[in-house]
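Welcome, and thanks for taking a look at this protein. Here is a short briefing to read with the structure open beside you.

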Amino acid sequence: MDVKSAFINGYLKEEVHVMQPPGFESNEFPNHIFKLDKVLYGLKQAPRDWYERLLNFLLENGFKRGKVDNTLFLKSKGEHLLIVQVYIDDIMSRATHNNLCDEFSKMMRSQFEISMMGELIFS
């Protein structure tokens, strides 16, 4: 799956101000700056804030983070296992039972706008 506009899903923990971008300058207040409410692409902290939001969401929903790879998440349900691998805004999942992947997809859609990319194919 691909999380659309992933970086703007992050929450700012600190106050961030930016200059007025070209084309959006105020004629009335040309020297004013903007205080951001959300993360924007291009901010140094955008990837970190996005990953932290996703991490907290997965942990709150019963996932455990891998000990060797911090972008690998595991969730067990009875004898079945769901494995989730995160690569920036792309998320791959595989499970010992297809219902777990469907549940994961629904869970992600409840919080983020995602598009399903289909089966992963190695060539």
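This is a predicted model: local features need pLDDT of at least 70, side-chain atom pairs count only at pLDDT 80 or more; totals for chains, interfaces and linings use all residues.

**Overall layout**

- The protein has 8 strands and 2 helices.
- Going along the sequence, the elements come in the order β-β-β-α-β-β-β-β-α-β.
- Of the protein's 123 residues, 32% count as buried.

**Salt bridges**

- A general point first: side chains of opposite charge can pair when their charged atoms come close.
- How many salt bridges does a search of the whole structure find? The search finds 2.
- One of them joins the side chains of lysine 4 and glutamate 113, at 3.8 Å from N to O. This pair links distant parts of the chain, 109 residues apart: lysine 4 is in the loop between β1 (2-3) and β2 (17-18), and glutamate 113 is in the loop between α2 and β8 (114-115).
- Lysine 4 has a relative accessibility of 37% and so counts as partly exposed, while glutamate 113 is exposed, with a relative accessible area of 53%.
- A salt bridge also brings together the side chains of lysine 77 and glutamate 103, at 3.1 Å from N to O. Here, too, distant parts of the chain are linked: lysine 77 belongs to strand β5 (residues 72-77) and glutamate 103 to helix α2, 26 residues apart.
- Lysine 77 counts as partly exposed, at 46% relative accessibility, and glutamate 103 also counts as partly exposed, at 39%.

**The largest pocket**

- The largest pocket has a volume of about 560 Å³. Its lining is made up of 17 residues, and the closest to the pocket's centre are Met92, Ser93, Gly118, Glu119 and Leu120.
- Which elements give two or more residues to the lining of the largest pocket? They are β6, β7 and α2 (98-111).
- With 5 residues, β7 gives the most to this lining.
- Sorted by class, the lining has 8 nonpolar, 5 polar and 4 charged residues.

**A nonpolar surface patch**

- Tyr87, Ile88, Met92 and Leu120 make a nonpolar surface patch of about 420 Å².
- Isoleucine 88 lies in the loop between β6 (80-87) and β7 (90-95).
- Is isoleucine 88 buried or partly exposed? With a relative accessible area of 46%, isoleucine 88 is partly exposed, because that value falls between the 20% limit for buried and the 50% limit for exposed.

**Two more residues to look up**

- Methionine 107 is part of helix α2. Its relative accessibility is 13%, so methionine 107 counts as buried, the cut-off being under 20%.
- Methionine 107 and leucine 58 are 49 residues apart in sequence, and their C-alpha atoms are 9.5 Å apart in space.
- Glutamate 79 and threonine 96 are 17 residues apart in sequence and 8.7 Å apart in space, C-alpha to C-alpha.

Conventions
Residues are numbered from 1 along each chain as its sequence is written. Side-chain values use heavy atoms; hydrogens and water are left out. Patches are made of residues with over 30% relative accessible area and no salt bridge: like charges are joined within 9 Å, nonpolar side chains (Val, Leu, Ile, Met, Phe, Trp, Tyr) within 5 Å. Accessible areas come from the Shrake-Rupley method with a 1.4 Å probe; for residues, only the protein chains shown count as cover. A salt bridge is a side-chain nitrogen of Lys or Arg within 4 Å of a carboxyl oxygen of Asp or Glu. Helices (H or I, at least four residues) and strands (E, at least two) are DSSP runs, numbered from the N terminus. Buried means under 20% relative accessible area, exposed over 50%, partly exposed in between (1.4 Å probe, protein chains only). On a 1 Å grid over the protein atoms alone, a cavity is a set of points where a 1.4 Å probe fits but cannot get out, and a pocket is an open set with protein on both sides within 12 Å along at least five of seven lines; lining residues have an atom within 4 Å of a point. Grid points are joined across faces, edges and corners, and a volume is the space filled by probe spheres set on the points. Ala, Val, Leu, Ile, Met, Phe, Trp, Tyr, Cys and Pro count as nonpolar, Asp, Glu, Lys and Arg as charged, and the others, Gly among them, as polar.
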